[in-house]
Amino acid sequence: MTDRRLWSYKDIAAHIRVQPDTVRSYRKHGLLPPPDHVEGGKPYWYADTIRAWVASRPRNRKP
């Protein structure tokens, strides 16, 4: 079953245990996948998209 909840920077940061500004920096430097949805200029990602990204990251910390 796919997880279709949309996550913001804050949700992603909580998942990987960093500050939201760190996640913004990851996006600025091209380290995050492209957003799955943009609403009012704010990017959002599906939870499954982020989980797949986390699993493929170097030095995966397995949250």
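This is a predicted model: local features need pLDDT of at least 70, side-chain atom pairs count only at pLDDT 80 or more; totals for chains, interfaces and linings use all residues.

Let me begin with helix α1, which covers residues 9-16 and whose buried residues are Y9, I12, A13 and I16. If you look down the axis of α1, these buried residues fall within an arc of 100 degrees, and therefore they line one face of the helix. The face turned away from that buried side carries K10 and A14, which are exposed. As for what the buried residues of α1 pack against, the partners are β1 (6-7), α2 (20-28), β3 (42-46) and α3 (47-56). Following α1 you come to R17, and its phi is positive, near 60 degrees.

Now to the second topic: how many salt bridges does a search of the whole structure find? The search finds two.

One of them joins the side chains of D21 and R24, at 3.0 Å from N to O. These two residues lie three apart in helix α2, so about one helical turn separates them. D21 counts as exposed, at 57% relative accessibility, while R24 is partly exposed, with a relative accessible area of 38%.

The other salt bridge is between the side chains of D48 and R51, at 3.5 Å from N to O. D48 and R51 are three residues apart in helix α3, and so they too are separated by about one helical turn. Here D48 is partly exposed, with a relative accessible area of 30%, and R51 also counts as partly exposed, at 33% relative accessibility.

Definitions and conventions: Residues are numbered from 1 along each chain as its sequence is written. Side-chain values use heavy atoms; hydrogens and water are left out. Buried means under 20% relative accessible area, exposed over 50%, partly exposed in between (1.4 Å probe, protein chains only). Helices (H or I, at least four residues) and strands (E, at least two) are DSSP runs, numbered from the N terminus. The arc is that of the directions from the helix axis to the C-beta atoms. Contact means heavy atoms within 4.5 Å. A salt bridge is a side-chain nitrogen of Lys or Arg within 4 Å of a carboxyl oxygen of Asp or Glu.
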